[in-house]
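Me: Hi! I have a structure open and would like to talk it through with you. Could you help me read it?

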Amino acid sequence: MAAGQNCLVTNDWICGEYLRSRSQELTDATVQHIWITAVSVVIGLLVAFPLALLARRGRRFAGPVLGLTTVLYTVPSLAMFSLLLPLFGLSAALVVTGLVLYSLTILVRNILAGLEAVPQEAKEAAKGMGYGPVRLLWEVELPLAMPALMAGIRIATVSTIALTTVGSIIGRGGLGNLMGDALPSFFKAQVLTASVLCVLLAIVADLLLLGVQRLLTPWTRIRAAHTGADTVAKAV
C-alpha cells in the first residue's frame, strides 16, 4: 500500500494508485467526452448533408458554402467559444455548437466529393429506369458515395475527440477537464492518463467506423479481392 501511495507522493507518470482511487472520475470524464463527440458529429452530419447538396447545384453555391465552412474551421477555438457564449452561456451546447461548426469543412467536402465521384453512367441508367431525383439520391448516389462519406465521418470524429478537450475552459471538456485540472500542479499521472484515454478513444472510434464502412460497402471488398486475384494470376 505504501509503495502504491508513493507514486502519488513522488508524482510519477505511471501510477496504479491514481487509477484505483480516481476510477469513477476517469469514467465520468470519458463518458462526457464520448457524449459530446458523438452528439457533435451527428449534428454536424445532419447540417453538412444539405449544405453539400446545395454546393453541388453549381459554382455559385459551392463557392460560398465551401468558403464559409473553411473560414469557420480557421477561427481559433477560444475565439469561437467567445463568439458563441452570449447565445449558449457556459453550457455543453456551447461546446457542441463549436465542434459542429469545426466539423462542417471536413464533412461537407467529403460528402460533396463522394457525390461528384458517382459515375455518370450509373445515374443515367437509374434515370432510364424511372428513378426520380430523391430515389436516385438515396438508392444510387449515396451508396456509391459512401466510402468518401465514411472517410469524412472518420476524420471528423477523430478531430472532434481531440478538439473536445478545449471545452475544459468552461468545464465541459470531458477528459480535457482532467488535463486542465492537472496542469497547474503538473500532476503527471492525471495528465498522462487523460491523454492516453483520448488517444485510445480516437483509435477505437476510427476502428469502429471503419468496421461500419466495410459493412455498408461490401462491394469494395469484392472489388479488392478481384484486383488481388488478377494480380496473382498475372504474376503466375
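**Salt bridges and helices**

Reply: Happy to! Five salt bridges are counted here, and keep in mind that this is a predicted model.

Me: Okay, which residue does E141 pair with in a salt bridge?

Reply: E141 pairs with R56, with N and O 2.8 Å apart. E141 sits in helix α8 while R56 is in the loop between α3 and α4, so this pair ties together parts that are 85 residues apart in sequence.

Me: Is E141 buried or exposed, then?

Reply: E141 is buried, at 3% relative accessibility.

Me: What about E25, which side chain does it meet?

Reply: E25 meets R22 in a salt bridge, at 3.5 Å from N to O. E25 is partly exposed with 32% relative accessibility, and R22 is partly exposed with 30%.

Me: Switching topic: how many residues are in α4?

Reply: Helix α4 has 16 residues, 59–74. From first C-alpha to last, α4 reaches 22 Å, close to the 22 Å expected at 1.5 Å a residue.

Me: Which residues of α4 are buried?

Reply: Those are A62, V65, L66, T69 and L72. Looking down the axis of α4, the buried residues fall within an arc of 125 degrees, so they line one face of the helix.

Me: What covers them?

Reply: The cover includes α3 (23–55), α5 (77–88) and α6 (92–116).

Me: And which exposed residues are on the face turned away from the buried side of α4?

Reply: R59, R60, P64, L68 and T74 are the exposed residues carried there.

Me: What is Y18 in contact with, leaving aside neighbours within four places in sequence?

Reply: Y18 is in contact with L8, L26, L178, F187, A189, Q190 and T193.

Me: And what separates the C-alpha atoms of Y18 and A126?

Reply: Their C-alpha atoms are separated by 60 Å, and the two residues are 108 residues apart along the chain.

Me: Back to α8 for a moment. What does T157 touch?

Reply: T157 lies in helix α8, which covers residues 133–163. Apart from residues up to four places away in sequence, T157 touches T37, V41, A205 and L209. T157 is buried, with a relative accessible area of 10%.

Me: Last one: which residues make the nonpolar surface patch?

Reply: V196, V199, L200, I203, L207 and L210 make that patch, which is about 500 Å². One of these, V196, is found in helix α10, residues 188–216, and V196 counts as partly exposed at 41% relative accessibility.

Note on methods
Residues numbered from 1 in each chain as written. Predicted model: local features only at pLDDT ≥ 70, side-chain atom pairs only at ≥ 80, totals over all residues. Heavy atoms only, no water. Helix = DSSP H or I, 4+ residues; strand = E, 2+ residues; numbered from the N terminus. Expected span 1.5 Å × (residues − 1). Buried < 20%, exposed > 50% of the residue type's maximum accessible area, 1.4 Å probe, protein only. Arc of directions from axis to C-beta. Contact = heavy atoms within 4.5 Å. Patch = residues over 30% accessible without salt bridge, like charges linked within 9 Å, V, L, I, M, F, W, Y side chains within 5 Å. Areas by Shrake-Rupley, 256 points an atom, 1.4 Å probe, with all protein chains shown as cover. Salt bridge = Lys/Arg side-chain N within 4 Å of Asp/Glu carboxyl O.
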